[in-house]
There are 2 protein chains.
Amino acid sequence: MILNKTTEYSLAVLGYMAVSQDDIFSAEFLHHELKIPRRYLRKLLTDLSKLGFILSTKGRNGGFAFARPLGEINLAAIIKTVEGSELMESCILGHQSCKEEQPCVMHETWLEAKTKMLEALSNTTLHDLRERKKAKSD
Amino acid sequence: MILNKTTEYSLAVLGYMAVSQDDIFSAEFLHHELKIPRRYLRKLLTDLSKLGFILSTKGRNGGFAFARPLGEINLAAIIKTVEGSELMESCILGHQSCKEEQPCVMHETWLEAKTKMLEALSNTTLHDLRERKKAKSD
DNA sequence: ATAAAATACCACCTTTTTGTAGCATATAAA
DNA sequence: TTTATATGCTACAAAAAGGTGGTATTTTAT
């Protein structure tokens, strides 16, 4: 496993919202578009708003919209925030004591692997996704 | 989550065996050294031998030893094999239909991220770990 | 032969993750 | 002010992952 379902869903939701023309999305609409289980999605959207990515509007024409400029949100940040940032710090072998001074046998390789991966993910913001989408449809 | 416990344990076991001087290891010994739950470890070792990384010897002085030269086993291969290789192929959004021709919005970035990560992991074999360990203790 | 020390198999328990249900609350259109 | 359509909260159910236990089987030192 690389990412769990919840993280996958989070990326799918925010990615979809980013490349879409609309700017407010109801849970029901996103459920229909993304095939994420209705109730689970609603809870996830609530969580994402608590985490500061989106904000919710209640009432008849309510829904969810981005809380911050798209350029400020990169993919690594989404993953780290949703998963609770056990990403950068964690040792591949799960050792508590694995640090630079007293590294595990795989420390060096794992550090390089995750650094490279996170570099790629931090280099892409939701704004970038939107631009790419635009470029394609031209 | 990046890797699940089972994968973490697999890397810990094979990594430990690789850098150690011995060449046969009982489950009980590995349990003691690595603090992996006794029974779970035994099942895991059975699995790892079915997957072809190690081979088991029954009986009084039995245990587990590598089935192949250390230089042939790299870290990416361990992860892929243990996790069932949903690693390279998988779409970050979990889409079945996500391919080069019809990519999801994050396809490009995700491909780069996982490629970079797997590059680093495939570049390190168990033999490399052993050499690094030796170099340090000199 | 026999007992010790190892793996192998099968079923079950616990914890975490994922998914569901009901009801409460808020808001805007009519 | 009523009603339709949203989200919010709390608790629970199902599935997957992680972990345990008992017993059988294999092998080798004694």
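The model is predicted. In it, 31 residues of chain B are in contact with 31 residues of chain A. Some 70% of the area buried between the two chains, about 3100 Å², is given by carbon and sulfur atoms.

Between chain B and chain A there is one salt bridge, which joins the side chains of A:Glu108 and B:Arg132 at 4.0 Å, N to O. Four residue pairs are in polar contact between chain B and chain A, both residues at pLDDT 80 or more. On the side of chain B that touches chain A, the elements giving two or more residues are α1 (5-19), α4 (75-83), α5 (107-122) and α6 (126-137) of chain B. The largest share, nine residues, comes from α5(B). The classes of residue on this side of chain B are set out below.

| Class, side of chain B that touches chain A | Count |
|---|---|
| Nonpolar | 19 residues |
| Polar | five residues |

Over all chains, the structure holds eight aromatic pairs. One of them is formed by B:Tyr16 and B:Phe29; the pair is tilted, with 6.4 Å centre to centre and 55° between the planes. Because B:Tyr16 lies in helix α1 of chain B and B:Phe29 in helix α2 (residues 27-34) of chain B, the pair ties together parts that are 13 residues apart in sequence. B:Phe29 has 32% relative accessibility and therefore counts as partly exposed. In chain A, A:Tyr16, A:Phe25 and A:Phe29 form one aromatic cluster.

Definitions and conventions:
Residues are numbered from 1 along each chain as its sequence is written. Chains are lettered from A and ligands numbered from 1 in the order in which they are written. Side-chain values use heavy atoms; hydrogens and water are left out. Contact means heavy atoms within 4.5 Å. Buried area is the accessible area (1.4 Å probe) that two parts lose on being put together, summed over both. A polar contact is a pair of N or O atoms within 3.5 Å; within protein, one must be able to donate a hydrogen and the other to accept it, and residues adjacent in sequence count only if both atoms are side-chain atoms. Helices (H or I, at least four residues) and strands (E, at least two) are DSSP runs, numbered from the N terminus. Ala, Val, Leu, Ile, Met, Phe, Trp, Tyr, Cys and Pro count as nonpolar, Asp, Glu, Lys and Arg as charged, and the others, Gly among them, as polar. Rings of Phe, Tyr and Trp (its six-membered ring) pair if their centres lie within 6.5 Å; planes under 30 degrees apart count as stacked, over 60 as edge-to-face and the rest as tilted. Buried means under 20% relative accessible area, exposed over 50%, partly exposed in between (1.4 Å probe, protein chains only).
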